[in-house]
Amino acid sequence: MIYHLSLQTAGIIAGAFLILISLPGLFKPEMASVAQRFPRSRFAGVVLLTIALVWTFWLLATIEMGEFAAFRRPLLIAVPVGYVLVLRFVDEFLAVRALGILCLLAAEPLLDAAFLRYETSRLLVTVLAYLLVVAGLFWVTVPYLLRDQINWSARSVFRWRFLHAIAFIYGGVILTCAVTRY
């Protein structure tokens, strides 16, 4: 275990995050125009990539690497160098790529918390983690997909609110299970 999060803590964090992310879109459909500018936002890309750098650097510095421990120092040097190179040379969809990296990083604590638990409701957290993995892989490798997904969901107010309502309900179910079952 790297993070030492209980399933209850992971469920509370994941449920609260989904609820907080879905509330603005649910009650303010005009937020769609803000979301449509996100994929090309340089500022959001730098902020998200910096968060990913700090998280990755912390993982590399603290994780037990076993027989790969000899790679720790080169990786601790390569990650900040890669960060600088990405900021310098990757202009297209930097925010989307950084969000995809964060999705991949965020999936591991959720899976770690649900590992070897017997409650069926743990699958709510596990499914969210795998959705993050799939989305993260697509957004890092094919970043224009998030732009297309946002544009598709913002075509109508009903579609925008419906998708945010699904996220709100899913977050509420995870949060309820975290408080009552885990």
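Where is the place of Pro39? Pro39 sits in the loop between H2 and H3. The model is predicted: local features need pLDDT of at least 70, side-chain atom pairs count only at pLDDT 80 or more, and totals for chains, interfaces and linings use all residues. Residues are numbered from 1 along each chain as its sequence is written, and side-chain values use heavy atoms, with hydrogens and water left out.

**View 1. Pro39 in the loop between H2 and H3.** Helices (H or I, at least four residues) are DSSP runs, numbered from the N terminus. Pro39 counts as buried because its relative accessibility is 2%; buried means under 20% relative accessible area with a 1.4 Å probe, protein chains only. Pro39 contacts Phe93, Leu94, Ala95, Val96, Arg147 and Ile150, leaving aside neighbours within four places in sequence. Contact means heavy atoms within 4.5 Å. Val96 is 57 residues from Pro39 in sequence, yet 5.4 Å away in space, C-alpha to C-alpha.

**View 2. The largest nonpolar core.** This core has 41 residues. A nonpolar core is a set of buried Ala, Val, Leu, Ile, Met, Phe, Trp, Tyr and Cys residues joined through side-chain atoms within 4.5 Å. H5 gives the largest share, eleven residues. Leu110 and Leu128 have the most contacts inside the core. Not counting residues up to four places away in sequence, Leu110 touches Ala10, Ala14, Val125, Leu128, Ala129 and Leu132.

**View 3. The contact of H1 with H5.** Leu7, Ala10 and Ala14 of H1 meet Leu110, Ala113 and Ala114 of H5.

Conventions
Buried means under 20% relative accessible area, exposed over 50%, partly exposed in between (1.4 Å probe, protein chains only). Helices (H or I, at least four residues) and strands (E, at least two) are DSSP runs, numbered from the N terminus.
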